[in-house]
Amino acid sequence: MYMQDSIICDCVEVLQECIKRLREVGIQLLRGISKTLGFEECYIEKRMKLESGCDFITPNDYPLRPYSENQLGQAPHYDPGLLILLLPGLSNGLQLEHHGKWINANPQPNSIVVSIADQIEILTNGKYKSVFHRVVVNNNVRRISLPLFIGPSLDTMVSPLPVCVDEHHPLAYLVKTYKELLEANQYHEIDVKSCLKNVRV
Ligand SMILES: O=C(O)CCC(=O)C(=O)O
Ligand SMILES: [Fe+2]
């Protein structure tokens, strides 16, 4: 009993440290994105109130499946949030859509997969696209992955930045709070589901 408790404690500490470091990487990348848009580096952090941001960590465990080509562990989807930082585990399976084809992400060992999510697409009025992706699984390696969804605070209005809207790029998304976007599911409860289809103009 004692052993089990101490193992669980160790796991919690490792997980907390892992989340902290993934978040630090995410914040640095968001600073880079702020700069590419012509802002000072903390612009997105401040505008999205990331100090009280709403992050989700949703570990995935894909059991082994009887073999069939492209057996899906997760159907094609977009992710909510600003950025996703994913520890992809030891088996391949993550695929990204590129020009209508599915491409294997094939991350290097010990790497972090970073993807743009819905709220960056909305903020940039579609200049940076949320990544459409899916997971295929196979019958010889169990896949465990750990994504961290970095998001704004729930009361933050998410709308295209004026600098990304002009006559060639008309406003393409409605204005809603992050909470409203996460609640746009049949249960009207906060859920880690993409909201893009509900806000495209
Ligand atoms: O397991 C993966 O590699 C991706 C997981 C994912 O897309 C998700 O949890 O939203
Ligand atoms: Fe995802």
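1. A residue is near a molecule when one of its heavy atoms lies within 4 Å of it. By that test, 13 residues surround ligand 1. The closest are Asn60, Tyr62, His133, Arg143 and Ser145.

2. A note on the basis. This is a predicted model, where local features need pLDDT of at least 70, side-chain atom pairs count only at pLDDT 80 or more, and totals for chains, interfaces and linings use all residues. Residues are numbered from 1 along each chain as its sequence is written, ligands are numbered from 1 in the order in which they are written, and side-chain values use heavy atoms, leaving out hydrogens and water.

3. Look at the polar side chains next. Which distance separates an oxygen atom of ligand 1 from an N or O atom in the side chain of Tyr62? The distance is 2.6 Å. A polar side-chain atom of Asp79 lies 3.1 Å from an oxygen atom of ligand 1. For Gln74, the value is 3.2 Å.

4. Taken alone, ligand 1 exposes 290 Å², and the protein buries 95% of that. Areas come from the Shrake-Rupley method with a 1.4 Å probe.

5. Which strand gives the most to the shell around ligand 1? Strand 9 does, with four residues. Strand 2 (60-62), strand 3 (72-77), strand 8 (133-136) and strand 9 (143-150) each supply at least two. Strands here are DSSP runs (E, at least two residues), numbered from the N terminus.

6. Now the whole chain. The secondary structure comes to five helices (H or I, at least four residues) and 11 strands. The C-alpha atoms fill a box of roughly 60 × 40 × 35 Å, taken along the principal axes.

Notes:
A polar contact is a pair of N or O atoms within 3.5 Å; within protein, one must be able to donate a hydrogen and the other to accept it, and residues adjacent in sequence count only if both atoms are side-chain atoms.
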